[in-house]
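Please look slowly through the structure shown here, and keep the sequence beside it as you read. The paragraphs that come after it are meant to be followed with the model open.

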Amino acid sequence: MTPQGKLSLTTPDSRQALFATVLIGLALVLLPFVASEFGNAWVRILAFALLYVMLALGLNIVVGYAGLLDLGYVAFYAVGAYLYALLASPHLAENFEWIAQTFPDGLHSSIWFVIPLSALVAAGFGVLLGFPVLRLRGDYLAIVTLGFGEIIRIFMNNLNAPVNITNGPQGITNIDPISIAGVSLAKPLEIGGLTLPSVQLYYYLFLALTLLVVIISVRLQSSRVGRAWMAIREDEVAAKAMGINTRNIKLLAFAMGASFGGVSGAMFSAFQGFVSPESFVLMESIVIVAMVVLGGMGNVKGVVLGAVLLYAIPEALRHLAKPIQLQLFGHEYIAPEALRMLLFGLSMVLIMLYRPHGLIPRHHAGGRA
């Protein structure tokens, strides 16, 4: 209240939050310009980091909010990627005569059609996974979800005979880049004398989608559904006794988390212009789970931080490990890939020992972390 007895709509805390939000937003907009000074490869790393943030936030709904372990999350990433590849490449028209006759100019699907469709199809696969595992917990749930992820990858690897749908291990090429309002993100864009390269345009698209996913995640956390997920996570028997339909709520968690993975997969496919089963191996699922655990399960800020750290730092080491070793020792003692995995494993061990709830743990009732 103000001294005159009127309610003040702005408080010091709200002003600080607004200032911090504007500052972070400005930094995210300017970041690719700074990174491009060292080469577009660094902007590409930033763009992929945003894709992994979306993946981690999707898995956080299943693991962090609902408390359901999922080791096959990369399957939804693959579904979104292959869906966009099939709808925005000449592959189907070349292998199915009726598609070539129906679409003589080829399939060139719009982003406004692909993004909702990839979310919807991935959500359907999430429900497909959720039904068999409703009664499973712990190790059994982990094994079944792991198997589901491998089944999807193996299907993608073998659906080239007798009918060629995914082109098998060769993958799908010539995938259309994303176009928005007639502007192709595959070409540089000039705005007022400023030239934005293709990789930077994709970065801004991924940033917009990531911000949307963050907003949805935050809103879900404080919603009625979010509270039901957390009730199941803490004690499923008590949640069911309080009238929560645990079956439907669990299925919704799988579907919602999978939809984020589907959108991220579609963006990956458009960005790369090529997809193959090798991009969706088990290790990808493990890394995404590690991002959620490292950052702090159930905490949106922690998950974002964990995703950025576990993707950006190893990728930076890919470029810097050899030059640093040559500068310090005059010889490369550890290959960059080995060093990346060594530091990845070491970080997991240290986090489990000293920060078992993650870098930014969620807060339980009563203010305890």
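The model is predicted, and a careful reader begins with the confidence of the prediction. The protein chain has a mean pLDDT of 85, and 94% of its residues reach 70 or more. Where pLDDT is low, the predicted coordinates should not be read in detail.

We can now turn to a pair of helices. Two packed helices are described by the angle between their axes and by the distance between those axes. Helix 2, which covers residues 40-65, packs with helix 13, which covers residues 300-329, at an angle of about 145°, and the axes of the two helices are 8 Å apart. Their crossing is right-handed. On the side of helix 2 the contact includes Trp42, Ile45, Phe48 and Tyr52, while on the side of helix 13 it includes Val304, Val308, Tyr311 and Glu315. What kinds of residue make up this contact between helix 2 and helix 13? They divide into 19 nonpolar, 2 polar and 1 charged.

Glu315, which belongs to helix 13, deserves a separate look. Is Glu315 buried or exposed? Its relative accessible area is 11%, and because buried means under 20%, Glu315 counts as buried. Leaving out residues up to four places away in sequence, Glu315 touches Ile45 and Arg340.

In soluble globular proteins, nonpolar side chains tend to be buried together. The largest nonpolar core of this model has 99 residues, and among these Ile178, Phe206 and Met267 touch the most other members. Helix 2 supplies the largest share of this core, with 19 residues.

Helix 9, formed by residues 224-234, has Gly226, Ala228, Trp229, Met230 and Ile232 as its buried residues. Which helices do the buried residues of helix 9 pack against? They pack against helix 2, helix 8 (198-221), helix 10 (236-241) and helix 11. In helix 11, which runs over residues 246-272, we find Lys250, and this lysine is buried, with a relative accessible area of 3%. Beyond its neighbours within four places in sequence, Lys250 is in contact with Leu68, Leu134, Ile232 and Glu236.

The loops also hold buried residues. Phe280 is placed in the loop between helix 11 and helix 12 (282-295), and with a relative accessibility of 2% it counts as buried. Apart from neighbours within four places in sequence, its contacts are Val74, Tyr77, Ala78, Ala81, Tyr82, Arg153 and Phe268. Leu107 lies in the loop between helix 5 (97-102) and helix 6 (111-130), and Leu107 also counts as buried, at 11% relative accessibility. With neighbours within four places in sequence again left aside, Leu107 is in contact with Leu86, Leu87, Ala88, Ser89, Leu92, Ile99 and Asp176.

Finally, some backbone details can be found in other loops. A cis peptide bond, with omega of about 0°, joins Ala161 and Pro162, and Pro162 lies in the loop between helix 7 (138-158) and strand 1 (179-180). Asn174 lies in the loop between helix 7 and strand 1, and its phi is near 55°, a positive value in a residue other than glycine. Asn174 counts as exposed, at 55% relative accessibility. Ala181, in the loop between strand 1 and strand 2 (183-184), has a phi near 55°, which is again a positive value in a residue other than glycine. Is Ala181 buried or exposed? With a relative accessible area of 77%, Ala181 is exposed, because exposed means over 50%.

Definitions and conventions: Residues are numbered from 1 along each chain as its sequence is written. This is a predicted model: local features need pLDDT of at least 70, side-chain atom pairs count only at pLDDT 80 or more; totals for chains, interfaces and linings use all residues. Side-chain values use heavy atoms; hydrogens and water are left out. pLDDT is the predictor's confidence in each residue, from 0 to 100. Axes are lines fitted to C-alpha atoms, for helices over the stretch in contact, and angles run from 0 to 180 degrees between N-to-C directions. Helices (H or I, at least four residues) and strands (E, at least two) are DSSP runs, numbered from the N terminus. A crossing is left-handed if the near helix is turned anticlockwise from the far one by less than a right angle, and right-handed if clockwise. Contact means heavy atoms within 4.5 Å. Ala, Val, Leu, Ile, Met, Phe, Trp, Tyr, Cys and Pro count as nonpolar, Asp, Glu, Lys and Arg as charged, and the others, Gly among them, as polar. Buried means under 20% relative accessible area, exposed over 50%, partly exposed in between (1.4 Å probe, protein chains only). A nonpolar core is a set of buried Ala, Val, Leu, Ile, Met, Phe, Trp, Tyr and Cys residues joined through side-chain atoms within 4.5 Å.
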